[in-house]
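Have the sequence and the 3D view open side by side.

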Amino acid sequence: MSEQTQEPGSSAPRRVVVAGAGMAGVQTAVALREQGFTGTVSLIGAEPHQPYDRPPLSKAVLLGKAEGSAFDVDFEALGIELRLGCEVRGLRPGDHELDTEDGPVPYDVLVVATGAEPIRLPGAEGVPGVHLLRTLDDAERLRPVLARRQDIVVVGAGWIGAEFATAAREAGCAVTVVEAAERPLTGALPAEVAAPMAGWYADAGAVLRTHARVERVEPGTVVLDDGSRLPAGAVVVGIGARPATAWLSGSGVELGAHGEIVADQHLRSSAPDVYAVGDCASFPSGRYGERLLVHHWDNALQGPRTVAVNIVGRASGETPAVYDPVPYFWSEQFGRFVQYAGHHAAADTTLWRGDPAGPAWTVCWLRGDRLVALLAVGRPRDLAQGRRLIESGTPMNPALLADPARPLKAATA
């Protein structure tokens, strides 16, 4: 019986299986125990490593300042069964079984938390010296590259490209970043906001080449479509990620345009007793009036709490919790701490607080008189106060908001 039609008082699930052992999967398993779930919880991960956090991979782990970033979770004490090095291969919702390389795994409730996988550079597969940066193994393969101070070409000037370029410069490598678009962070930020960030590359001693498409990668060289040849002891590809959901083909689970699981406001998928959380799922936002697909750490931290509440509460007929967060992420790049909260697509006004040529500034997006998003560079107090103002929907005074000396919380209407 699907959750959408499940009757109050139905028997409680006794076995919850979580597919994916990243942040979203681990937090789901932990949150189930925190909510008092006493049944079996199995956490299945494709990688053989103890579950770990990803943000340190592009920072401390990459630079050899940390050996790993395993979660500080005592899975045994929590009674969470770990099945690591086990890849999921398919789903049969009618049978309530998850197919894995070790055989079928039955479930009462399944939570899909398989995350996202990096997009590969066409034609570069198998070329020596081409790297991705998504997993612990990726970071460990790149660490000696940085230690040797090789010439490095980074393909893509998005968030991960900038973070890797930052680490590579810190390690003393010569870095060239090639970006097909006219500026960094195309698609993530408006042109006028991303434009000041282009100068950060040169400030850090990295070369940024925009309008630059990779024609092909040869051992030791990246060839651009204008015929330029860039020396490359290593090539790091950071051109985006897509939901890791190919294994759901034929399962009947509804997928969206980007391959993401189409979840409802309670993070339930279209299949009975199957939830989806984290990078692999989109959800409808009542706050923003559109469906959001959020590939950031905070989403993988917050969503599991909603899922756990809904799994535990459904047998007693409790009203399901709605997932409608203010999206949040941060990035450390070129000596700057960049934070973003909200969703600016529907904004009709953009306000600046401070000079974007300086070390600290904020961009605020308004819809009417309500703050819907902000980007803070070196202004963490703006971010903290702004996030609360977005959540509360407090009317703002634009004239006061534009004064960088005034706290955001004192810029209300």
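In this predicted model, a polar atom of the Ser285 side chain sits 3.1 Å from the backbone nitrogen of Tyr288. The Ser285 side chain also makes a polar contact of 2.7 Å with the side chain of Asp324. Start there, then work through the topics below.

**Around Ser285**
- Ser285 belongs to strand E20.
- Ser285 counts as buried because its relative accessible area is 3%, under the 20% cut-off.
- Setting aside neighbours within four places in sequence, Ser285 touches Glu290, Leu292 and Asp324.

**Aromatic pairs**
- Searching the whole structure turns up eight aromatic pairs.
- One of them is Phe283 with Tyr323, an edge-to-face pair with 4.9 Å between ring centres and 65° between the planes.
- That pair ties together distant parts of the chain, 40 residues apart: Phe283 lies in strand E20 (residues 281–285), while Tyr323 is in the loop between helix H6 (297–313) and strand E22 (328–333).
- Phe283 is buried, at 2% relative accessible area, and Tyr323 is buried too, at 4%.
- Why does the pair of Tyr328 and Trp330 count as stacked? Their ring centres are 6.4 Å apart and their planes meet at 25°, and stacked calls for planes under 30 degrees apart.
- Tyr328 is buried at 13% relative accessibility, whereas Trp330 is partly exposed at 23%.
- Trp159, Phe329, Tyr340 and Trp365 come together as one aromatic cluster.

- Arg169 sits in helix H4, which covers residues 159–170.
- With a relative accessible area of 28%, Arg169 is partly exposed.
- The Arg169 side chain gets to within 2.8 Å of the backbone oxygen of Ala204.
- Arg169 and Ala204 are 35 residues apart in sequence, yet their C-alpha atoms are 7.1 Å apart in space.
- Beyond neighbours within four places in sequence, the contacts of Arg169 are Ala174, Val175, Ala204, Gly205 and Ala206.

**Helix H7**
- How far apart are the end C-alpha atoms of helix H7 (residues 380–392)? They are 19 Å apart, which agrees with the 18 Å that 13 residues should span at 1.5 Å a residue.
- The buried residues in H7 are Asp382, Leu383, Gln385, Gly386, Leu389 and Ile390.
- Their cover includes E22, strand E23 (336–342), strand E24 (349–353), strand E25 (361–367) and strand E26 (370–377).

**Cysteines**
- How many disulfides are there? The count is zero.
- Take Cys86: the closest cysteine sulfur, in Cys280, is 17 Å from its own, so the two are too far apart for a bond; a disulfide needs the sulfur atoms within 2.5 Å.
- Cys86 is buried, with 1% relative accessibility, and Cys364 is buried at 0%.

Key
Residues numbered from 1 in each chain as written. Predicted model: local features only at pLDDT ≥ 70, side-chain atom pairs only at ≥ 80, totals over all residues. Heavy atoms only, no water. Helix = DSSP H or I, 4+ residues; strand = E, 2+ residues; numbered from the N terminus. Buried < 20%, exposed > 50% of the residue type's maximum accessible area, 1.4 Å probe, protein only. Contact = heavy atoms within 4.5 Å. Polar contact = N/O pair within 3.5 Å; in protein donor to acceptor, adjacent residues only side chain to side chain. Phe/Tyr/Trp six-rings, centres within 6.5 Å; stacked < 30°, edge-to-face > 60°. Expected span 1.5 Å × (residues − 1).
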